[in-house]
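Here are some notes for a colleague who is meeting this structure for the first time. Please read them with the sequence and the model side by side.

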Amino acid sequence: MFIAASAAVLVAMFLVLVRACLGPTVYDRILAVNSIGTLVVILIAVFGFLSGRPEFTDLALIYALMNFIGTIAVTKYVRFNDMGAGEGHEEQGDI
Amino acid sequence: MQATLDILTWACIAIGAFFLIVGAIGMIRFDDLYARMHAASLIDTMGLGMVMLGLCFQAGWTLTTAKLLMILAFVFFTSPTSTYALVRASLAAGVLPEVAAEGRERAKRASEASG
């Protein structure tokens, strides 16, 4: 059953990668990379069970956090051309 | 008992795998950025949720189940946040959603051109 889950995740990853290559705007690509990150989290967890080492769930949790932070950082950079606080945006925030 | 847990695991992972592939196909087939976000949210919620639930049944009442549920809770809260940030950024950049009338026009033109 874990092999079936891994195969499904790999197929989904390949399909989303096609969108990451095709996507006409940069926001399509950001969305696709975010989805690939979530698929990687599933793959790490399933692979941990497949190899009999449940410690891989720690890695999956860390990668879920990093994926979220990375998506927000790239979105902020593409939107503002700046990773810092920016001027004049305090009243409406970044996100 | 173990057979029941195995059946539950198979069911959850099968449903999760189905939604993963449906979400990925939707990301390719849709024509609009905002429609693709709807498809991508399927991967985050039903795909990851069902697969993690199936793995929880296999792990039993251990620390691994707690960690899997922590992953689920974290993605449950952060996936809408990153979608929201992306939508705000793309709207501010001027990528407009395709309204229903334009979609019907485009479909009519496509069918007239090919038919």
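1. Helices here are DSSP runs of H or I with at least four residues, numbered from the N terminus. With that in mind, and remembering that this is a predicted model, one may start with Leu72(B), which lies in helix 3 of chain B, a helix that covers residues 63-93.

2. Is Leu72(B) buried, exposed or partly exposed? Because partly exposed is the class between under 20% (buried) and over 50% (exposed), Leu72(B), with a relative accessibility of 24%, counts as partly exposed.

3. Once the neighbours within four places in sequence are set aside, Leu72(B) is in contact with Leu48(B) and Gly49(B). Gly49(B) is 23 residues away from Leu72(B) along the chain, yet the C-alpha atoms of the two are separated by 6.4 Å.

4. Turning to the interface, 41 residues from chain A and 44 residues from chain B take part in the contact, and the area buried between chain A and chain B is about 3,700 Å², with 80% of it given by carbon and sulfur atoms.

5. Between chain A and chain B there are 2 salt bridges, one of which joins the side chains of Asp58(A) and Lys67(B) at 2.9 Å, N to O. Polar contact across this interface is found for 5 residue pairs, with both residues at pLDDT 80 or more.

6. On the side of chain A that touches chain B, helix 1 (2-22), helix 2 (26-50) and helix 3 (56-80) of chain A each supply at least two residues, and the largest share, 14 residues, comes from helix 2 of chain A. By class, this side of chain A has 30 nonpolar, 7 polar and 4 charged residues.

Notes: Residues are numbered from 1 along each chain as its sequence is written. Chains are lettered from A and ligands numbered from 1 in the order in which they are written. This is a predicted model: local features need pLDDT of at least 70, side-chain atom pairs count only at pLDDT 80 or more; totals for chains, interfaces and linings use all residues. Side-chain values use heavy atoms; hydrogens and water are left out. Contact means heavy atoms within 4.5 Å. Buried area is the accessible area (1.4 Å probe) that two parts lose on being put together, summed over both. A salt bridge is a side-chain nitrogen of Lys or Arg within 4 Å of a carboxyl oxygen of Asp or Glu. A polar contact is a pair of N or O atoms within 3.5 Å; within protein, one must be able to donate a hydrogen and the other to accept it, and residues adjacent in sequence count only if both atoms are side-chain atoms. Ala, Val, Leu, Ile, Met, Phe, Trp, Tyr, Cys and Pro count as nonpolar, Asp, Glu, Lys and Arg as charged, and the others, Gly among them, as polar. Buried means under 20% relative accessible area, exposed over 50%, partly exposed in between (1.4 Å probe, protein chains only).
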